[in-house]
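Hi,

Here is the structure I promised to pass on. Have a look at it first, and then read my notes below.

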Amino acid sequence: MTKHFAIIGAGTAGLATATLLAKQGFKVSIFEKVAQLAPVGAGLLLQPAGLAVFEHLDILEQAMQLGAHVTGLEGQLSGGSLLVNSHYKQAGTGYSGLGIHRATLCHVLKQATQQYANLIDWQMNTDITHYIETPQGITLFGQYNNQNFEQHADAIIIANGAKSQLRPSAWVKIDKPYPWGAAWTILPECLAFNPQILHQFYHGSNTMMGILPTGAIPDVPNQRLCSIFWSIPTHQLAQFKADDAWLKNIAIHWQDVADWLKTTMPTQQTWLSAQYRDVVMSQYGTGKIGVIGDAAHAMSPQLGQGANMALLDAWSFGQVAHHARQNDWAKLWQEYHQLRRSSIYFYQSLSRLLTPMYQSDSKYAHKVRDLVFPWMYRLPYFQKEMAMTISGLKTSPFKQRTYQEIAQS
């Protein structure tokens with residue numbers, strides 16, 4: 001009998017995993033709390049690792065048409081000197097990133113599921129509140145249109161985000177919000193700076209902004225856009241205003257950025273907030289229960305790996321899912337942990353190390369950063385290692401996967 005997977009959450013990890021399972025002939029039910037997919041958020045950067053998964057899913061070409069080609073990251077200090085100068089070509093020939101809006105990312109991933117409509121069942125407006133594992137599988141309990149219901153599946157994949165209440169509490173080692181978040185907005189493509197670069201600007205450890213080219217959204221494919229991020233303590237997000245005082249503060253450090261914003265940003269521009277969590281788990285699956293995406297390993301956005309980690313989770317699960325046919329769940333999770341554990345640990349540890357240098361009230365962290373980083377970027381070895389790290393391909397400090405290993409069918 002064909003195995004039936006229940007996936008909780010129709011985000012990046014959930015949709016990619018659903019497609020890869022259906023591609024192998026498994027039945028999938030996607031349970032999503034909202035009535036209609038309408039992702040809210042600014043753009044994000046798909047690294048080469050994420051693009052390799054897109055190629056594996058056969059949706060890379062469509063994403064490239066809508067997204068923005070990104071060749072690297074440049075981080076500028078007050079006064080104009082470069083602190084960060086990392087380019088994907090330093091990691092490998094042909095490597096690049098893709099700036100993409102969340103709405104576009106969701107659109108492309110949802111379209112990928114449609115080619116397996118006979119195997120993928122959508123259950124929207126459905127809130128799964130709890131589940132029970134039995135020898136026969138998983139029984140899910142929740143509400144559909146405010147009515148109680150229960151449903152059976154052979155296994156459950158929890159992919160409902162950083163604030164998930166469904167992940168087994170015994171697996172959770174850390175689950176806490178980051179004290180710093182970001183205000184963000186969307187503007188027309190920034191041509192005042194190289195539109196193929198993610199531009200970031202830093203002053204001390206408590207001032208950071210970014211300009212990320214993100215291409216177009218499906219409904220307006222000819223309007224190229226970018227996303228603006230302004231780092232701010234979480235407790236100040238509700239009071240944030242992009243007013244004259246804010247622009248003057250930017251002009252003190254980066255006059256050219258302030259000039260561009262003055263000519264581009266409408267007076268009543270809408271800004272939204274982004275908050276982040278630190279989630280560390282001792283394991284990601286056992287038996288017929290698995291946790292992937294931000295629900296499994298949410299982290300600071302400092303390394304820009306959130307969506308890429310989710311896609312790598314999906315790819316990895318796709319690599320081991322065949323064990324489910326023989327009910328060999330122990331082998332499935334053993335191999336999954338071999339594929340993911342060391343990489344997740346590497347990126348979470350590095351993110352925790354770097355974040356105070358960019359988002360904190362520390363008086364000293366940025367001084368170490370400003371002294372060490374410019375020298376590191378002048379050494380070929382560190383140039384390649386930093387580019388490889390940003391690419392999302394590292395599996396440990398001294399090992400990495402290749403793009404081709406992930407992309408192949």
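Grid points are joined across faces, edges and corners, and a volume is the space filled by probe spheres set on the points. Please keep in mind that this is a predicted model, where local features need pLDDT of at least 70 and side-chain atom pairs count only at pLDDT 80 or more, though totals for chains, interfaces and linings use all residues. Residues are numbered from 1 along each chain as its sequence is written, and side-chain values use heavy atoms, leaving out hydrogens and water.

Two or more lining residues come from each of β13 (172-177), β19 (277-281) and α9; helices (H or I, at least four residues) and strands (E, at least two) are DSSP runs, numbered from the N terminus. The largest share, 5 residues, belongs to α9. By type, the lining of this pocket splits into 5 nonpolar, 3 polar and 3 charged residues (nonpolar covers Ala, Val, Leu, Ile, Met, Phe, Trp, Tyr, Cys and Pro; charged covers Asp, Glu, Lys and Arg; the others, Gly among them, are polar).

Now the cavities. There are 2 cavities of 30 Å³ or more. The largest cavity has a volume of about 60 Å³, and among the residues lining it are Cys-190, Phe-193, His-199 and Cys-226. Both β15 (197-203) and β16 (207-217) supply at least two residues of that lining, with β16 giving the largest share, 3 residues. The lining of the largest cavity has 8 nonpolar residues, 2 polar and 1 charged.

The second largest cavity comes to about 40 Å³. Ala-49, Arg-340, Lys-394 and Ile-406 are among its lining residues, and α9 (329-358) and β22 (394-396) each give two or more. Here the division is 4 nonpolar, 3 polar and 3 charged.

Next, the sheet. Seen in order, β6-β5-β15-β16-β17-β14-β18 make an open sheet of 7 strands with mixed pairing; two strands pair if DSSP finds at least two bridges between them. At the edges are β6 (82-87) and β18 (272-274), each pairing on one side only. From one strand to the next, the twist averages 20° (axes are lines fitted to C-alpha atoms, for helices over the stretch in contact, and angles run from 0 to 180 degrees between N-to-C directions). Strand β14 (residues 180-188) pairs with β18 in the antiparallel sense over 3 bridges, and Trp-184 has Leu-272 in β18 as its bridge partner. Helix α6 (residues 255-264) packs on the sheet, touching β14, β15, β16 and β17 (220-233), and its direction makes about 55° with that of β14; contact means heavy atoms within 4.5 Å.

Leaving aside its neighbours within four places in sequence, Asp-121 is in contact with Val-28, Ser-29 and Ile-30.

Cheers

Terms used. 1 Å grid on protein atoms, 1.4 Å probe; cavity = no way out; pocket = protein on both sides within 12 Å on 5 of 7 lines; lining within 4 Å.
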